[in-house]
Amino acid sequence: KRMEESKDNSKNVVLEVEQAVSWLKEADYILLACAAGLSAAAGLNYFSEELVERFYPGLKKNGYPYLYSTIGSNMPPKLRWGYFFTHYHHARTHWPKSEVYQQLKDIVENFNNKNQSNSSSNNSSNTNNQSEPNSTTPSSSNHYFILTSNVDGFFEQNSFFLDHCFYSPQGDWSYVQCLAPCSQSSVYPLHPYYLAAFPHIDPLTTELSDENLIPTCPQCHGPMMMNVRGGNWFL
């Protein structure tokens, strides 16, 4: 019975893949709607205890067995920013290219090239026929768009083309913002703060040794937070 169920499941998967291929052949554009499962498939699993033991041992010692358990927690400031900077280092800037992201990139790039070629042929035909241009055609020649709740920048790190076709409504781990916030423009790149602070993080405790390296808002000098959606302070 189990073998029959396995065969049926395999047939269903094949049929679903064939249907997806058929839709791609017929489509004019692709919308990639991606969430945490995609990054988990690339190794960044927020429920992985092994990941915490490997990169953030201080979190486990302080009662945070996996990354998801840190969300909304009231960490001591030195541990919080030690974790933030360490996570930026590993996940946002040094994560290796992922096979699953590269496979997805190949799909959309091949799709893009095919549709750009078709668009060029159609435009040439329209010009020869002196017909009016299609007003609904985007000015960009890109044929895919990305909407993601992930804040890890994996699309950027895997060299996707992102100009005018990328939206991450939950924020981006490469920015910090005023926690108040004191203005709508109080969002800043994390990288300069990271460069100053990272050498002062103990890899065994995940703590920042110098509290003076904790970012404060350049405008109001108040506390800062990662620019990721976590409350009505989010910009």
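In which sense do strand 4 and strand 5 pair, and over how many bridges? Strand 4, residues 171–178, pairs with strand 5 in the antiparallel sense, over three bridges. Pairing here takes at least two DSSP bridges between two strands. Strands are DSSP runs of E, at least two residues; helices are runs of H or I, at least four; both are numbered from the N terminus.

A word on the source. This is a predicted model, where local features need pLDDT of at least 70, side-chain atom pairs count only at pLDDT 80 or more, and totals for chains, interfaces and linings use all residues. Residues are numbered from 1 along each chain as its sequence is written, and side-chain values use heavy atoms, with hydrogens and water left out.

Back to the strands. Q177 stands opposite V187 in strand 5. The open sheet has three strands, order 5-4-8, with antiparallel pairing. Strand 5 (187–189) and strand 8 (224–228) are the edges, each pairing on one side only.

Now the rings. The whole structure has 18 aromatic pairs. Rings of Phe, Tyr and Trp (its six-membered ring) pair if their centres lie within 6.5 Å; planes under 30 degrees apart are stacked, over 60 edge-to-face, the rest tilted. F47 and Y66 are one of these pairs: centres 5.4 Å apart, planes at 40°, so tilted. F47 is exposed, at 52% relative accessible area. Y66 is partly exposed, at 26%. The cut-offs: buried is under 20%, exposed over 50%, partly exposed in between, with a 1.4 Å probe and protein chains only.

W81 and F85 also make a tilted pair, 5.7 Å and 45°. Both lie in helix 5, four residues apart.
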